[in-house]
Each structure stands twice: as structure tokens, then as C-alpha cells.
Amino acid sequence: MLRILLFLFLLCATSGCSEAPESSTSVLASKQVAPTADPTQRALNQASGSRARVIVKFRKRSAPVGDELSRAAWVSGKLGSRVRHGRALGEFTQSMHADSLSTTGLIQALEVLPEVEWVVEDRRHRIRSMPNDPLFFAGQPRSGTVEAGQWFLRTPSSLTPAAIDALRAWDRQKGNPQVVVAVLDSGVLLNHPDLVAKVRPGYDFVSDLSSAADGTRRDTDPNDPGDATVAGECDPSEPATESSWHGTQVAGLIGAATDNGIGIASAGHDVSVLPVRVLGKCGGYDSDIIAGMLWAAGLSTNVGFGRPVNYPNPFPASVLNLSFGSQGTCSRSYADAMAQLNQKGVTVVAAAGNDAGLPVSTPANCSGVIAVAGIRHIGTKVGYSNIGAEVSISAPAGNCVNLGGPCLYPLVTTTNSGRRTPESNTYSDAFNTSVGTSFAAPLVSATVALMLSANPGLSPANIRSMLKRTARPFPTTGAQSDVSVCDKPSGREQLECYCTTRTCGAGLLSTYNAVRLAADLALTQSAYRDNADLYDPETGQLQIGQVDVGSDRFHNVVVTIDQVLALGNQAGPDYPISRFDRSKGVLEVAQVRVNTALFYNVTVTLKEVLQIGVPD
Ligand SMILES: [Ca+2]
Ligand SMILES: [Ca+2]
Ligand SMILES: [Ca+2]
């Protein structure tokens, strides 16, 4: 069995911070009244003084006659309360306002009218709310000169094109606490003030007593006791190491409590973290790691070592973060585990490794894993990151720029000040840095968790393709003149280089783009469900007005949808017909209504055409 090592760099001595071989100088009222059985009256009774704003669609066959003005008057008559007309959004769709009702009250009153097809809140979209975690904005403690803060979570700037824009993603989705990301790592400091409310009960799978460092083999406490070693303890040639608090750093990037007024924000905002301890001193064994992965996903309830012990995971994870690995091919043991995990719909994200441009390490190179390479603040490959065809996407991994003094662009996260055993719960900074592909992977894991919060139906394959489609292009300029384009990995090291889609995945992670696409697709799918004319949720069948099949045009085609590929345009000219590309099995649907908006050119893949309908 191979020892698997965690991917971080222990770069900074007490005197300052020197980067691993790098040279660039480039960074969302009610009154108390007697209960009533009439739902309309009940809803009206719930009215408060707030001004209601809704968008309502009337059924085509039973809509009250007239324009939006006369329909508002008709509604006023029905409800016995004045409802004013608003803007028309379509032939049978318009907004409506009421001063004497709450929005909820107006929705409930309209919902029960048989003439109404659907009614939703007319929401106000505001500029994003900034999290109040001080280290999100601030410079880093003790630095004096460094003002980068959590630059990597913000909207990209000319200085930091690699930033993932979690900030705008949070406008669409702050994360569902039911979505759990398992951190397969060195354990987590469960009492860290920025993690204590975000961590689900995990497990300690480290079965080797000498590396466990907590005095026990496997146990129910995944706290990190520290992984410090003495010289020669792991290997005769290895010097003594201080405790890394690696799992705590990874956990903070994924799920530190955000907008809680302390410490850092996390990319995953409100998603939960499941600490699964699989690494101790000198790393961890495949047998413990794989047991931990299967338990984390709810695929195994056996936590025993030697003999079976039944201990089900009450909070199965939908995302696994693996920030460790070693050089080599994907073993049968991992391949088998990954297949089981993907089959269950669990997404596995792994760090590419820190061997300075060598091939992607394992298990990141296993089929079905989203491998993450590390980039600098400017979007070039960070010197230490591995690369290769197995990489799906790249994300900031932390880089220092300078060779001495404070590190300028580390990834600020949760950690501890203890050199061997836990002391003060703190945060990494410009001197005690978090740098390594270990810290790029959690940004992708958190993004996946936000995508699943927005759209729980996404498969691991959906997620991978959506991350790739929403990635931003790699930069081709901006580094120093001696930086060249990344080559295919070989046995030779490659430091900073310009990423290509063959070496660093599809592009730069955009948490905002990925979460927006996931959320838009969820809305499209719910729009099908909301419209009986279009979509039958029982059968998963879609009826389409017109389809071109070859040279013929057909009406009333009924298909089952495999997946929605593109949402199309929210505005634009009336799109005349739907088109079917036989060669690709892809159908362009003329119009789909998503809540308040009409979309054109929605593209879906067909699972099967059930009824070809009548020719035009
Ligand atoms: Ca133990
Ligand atoms: Ca333990
Ligand atoms: Ca915080």
C-alpha cells in the first residue's frame, strides 16, 4: 500500500516567506383574525400594509377578456380588494400590484382562481450583499503591508483575474446546509469558532496507531490532534515537521461560517462540512482513505478495523474533497470506489498535486474524478502545480509573488497556531500561508456544493460538463517575459507557464458562472413542470409545438428529455420553430417560460421521441 501525502506547502519559516521555485512579479404580516375556511378570504385576511407585487399568468382558454388593465379590474372584483395593473410580460402574463395585501396574500388569493395558470412574486433584485467576515476584505493580520484579504473569492479584477467570483454566486445561491461536503483529510479542529456551527459529526478512519497521534485507532472523533513529526519519523531522509492543520484549512475554504462577523468567508457559504479523518502523521493508507470515502457517501456503514462495526453516516455527503495524493496510476481500489461513488451521484473533487508540473497524481487521475490544477492570481499555472489531460479545471491555489517578506496572494483560511498540538484557533495569513493545490480543490468542491444547492438533480457528469462550460479562458499574457506555454507533462519539472486546455483543464473556475447555470437550468426544469401543456412530471415527457425532422415539420411531437443543455436567450425576436438535429439528438425548443421570463432557443437532448405528431 502506498502512503498518500497531503498537498500543501510548508513554505514559511519564522523569518519570512519564500515561495517554492517561482520567479514572477506579477495577483432575499399578518393581522390576527378569526380563522376562515375560505382560502381566498383567508389569504386576504393575512394582508398587511406592505405593497404586493406579483406576476400572474392566466390560462389561455379561460383568461378574463381585455388588456392588462381590465384583467386587474376583474381580479379586484374577484378578490374584493383593489389590485392595480402592472406591466404586461406576454399575451396572458402581467404584473399586478396591491397596497392592501402582502405579496404572499395576493399569491394565495390568485392561486385558487381557476383562471390563473400560475402566479409568482415579482422580486426585486438588489446588488449583492457583502459578507461581514473581516478577513474577506481586510488585509491579513500581522502583515502590515498586505491588503489582499480573501481576494480569491471576489469578482475578478485586472490584478486578480483568477478570482472565482463566489461573491456574485452568493447572490443566486448561498448554499443549502443539507448539502454536505466531506473533507477526507487530517481531521478538523471542530471547536474552531468559524467551523463549529458548520461541521457535521464525522469519523476518524486512521487505523495505524503510530500515525494516528490521538492514541486510538479508528474512533468517532475526527478532531485533528496534530500531525507533527520528528526527524526521520516518516522516512530516514525527512526532517521534523510541525503540525499542518491541513484538514482545518481545507474545511474553512469550503464551509467556514460566512457573514457571521468573524474571521473568513467560505466559498460554500452555508453548505455543511463532514470531517472524515483519513490522514495522520506521515499521511494515510489507501485502505483507510477508501473506507472513509465510501462511509462519507453513505455507501458503507462499516467503520470496523479487523472486524465489522456498523456505524451509519447520518449525513451522507454529495461531494468528496480529496486534497492528497501521490505520483502513480489510478489503482483498481480507487477506480472501483470512484465508480460506486459516481453511480450514487456523488461528485469527487481532487487536487492535481504539487510536483511542479509533473503528471496529475493519483487519485486525482482516476476516471470520474474532477481534478483541479492550481493557478496564480494572474491565471497562469502556479509553479508547484501538476498538470495534464486529466485536469478538469483550474482554481487559485495561493502564490506569494515575492521571494522574501509577506506572501501576497495566499488563500486565507482557518487554521491553528499550535506547532504540535492544538493551541489557538486562528487564520492563515501572509506569513503562515495556505498555498498548494490542496487549497484549489476545495474552491471547486464548494462550487459543486452551491450548484447542487441550486439544482439537486445534477449528476457528477452534469457537474463536470457545467464546470467546464462555464470556465473562463486562460490568459495568454500578463506574466514575465520568460514564462512560456505549458507543455504536456513529462518527467521534467515545469514551473509557471501559460495554461492550455490540454494541460490545466477547460479554464479558470468561475463559481458565479457555474452556479448561475445550475440555477437557471433548475428554473427551466421547474418551468416545464409548471406548464401542463409542455411537460408531464409523471412521465418526464415534453410536448413541443413544432419540430423540424429532416425536411418535414411536425406538430405535437412528444419526447422525453434527457438533459437541458442551454437556457437560450431571455429576450429577442419571436423564434419561429423548433429544430431537431438528428445527428446530435439535440432539440431546440422554441419557447420556455421560466417564472417571469420567456426564453428562446432552449436546447435539450432527447432521450426518445415518443410520438412524432402530425406533419405540417
Ligand atoms: Ca483515532
Ligand atoms: Ca480521533
Ligand atoms: Ca466567518
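In this predicted model, seven strands line up in parallel to form an open sheet, in the order 9-10-8-12-14-15-16. Strand 9 (203-204) and strand 16 (391-396) are the edge strands, each of them pairing on one side only. Further inside the order, strand 8 (residues 180-185) runs parallel to strand 12 (residues 319-322), and four bridges connect the two. A handy pair to look for is V183, whose bridge partner in strand 12 is N321. Helix 10 packs on this sheet and touches strand 8, strand 12, strand 14 (347-351), strand 15 (369-375) and strand 16. The direction of helix 10 makes about 160° with that of strand 14.

The nonpolar residues tell a related story. The largest nonpolar core has 131 residues, and V181, V183, L320, V349, V372 and M451 are those with the most contacts inside it. Helix 10 (residues 437-454) supplies the largest share of this core, 12 residues. V372 shows how contacts can link separate parts of the sequence: leaving aside neighbours within four places, its contacts include V349, A350, I393, A395, T437, A440 and V444. There is also a second, separate core of 18 residues, with F58, M96, L106 and L110 among them.

Four strands form an open sheet in the order 5-6-4-7, and here the pairing is antiparallel. Strand 5 (84-88) and strand 7 (116-121) stand at the edges with a single partner strand each, so one side of each has no neighbour in the sheet. On average, neighbouring strands are turned by 30° against each other, direction ignored. Strand 5 is joined by three bridges to strand 6 (residues 93-98), and the two run antiparallel. Within this pair, R84 has H97 in strand 6 as its bridge partner.

Two helices accompany these strands. Helix 2 (residues 68-79) packs on the sheet, where it touches strand 4 (52-58), strand 5 and strand 6, and its direction makes about 145° with that of strand 5. Helix 3 (residues 103-111) lies across strand 4, strand 6 and strand 7, and runs at about 20° to strand 4.

A last stop is a loop residue. P473 is found in the loop between helix 11 (460-469) and helix 12 (511-530). Is P473 buried or exposed? With 11 other C-beta atoms within 10 Å, and a limit of 12 or fewer for an exposed residue, P473 counts as exposed. In sequence, P473 and G379 are 94 residues apart, yet their C-alpha atoms are 9.3 Å apart in space.

Technical notes: Residues numbered from 1 in each chain as written. Chains lettered and ligands numbered in written order. Predicted model: local features only at pLDDT ≥ 70, side-chain atom pairs only at ≥ 80, totals over all residues. Core = buried A, V, L, I, M, F, W, Y, C linked by C-beta atoms within 7 Å. Buried ≥ 20, exposed ≤ 12 C-beta atoms within 10 Å, placed from the backbone. Contact = placed C-beta atoms within 7 Å. Pairing = 2+ DSSP bridges. Axes fitted to C-alpha atoms, helices over the stretch in contact; angles between N-to-C directions.
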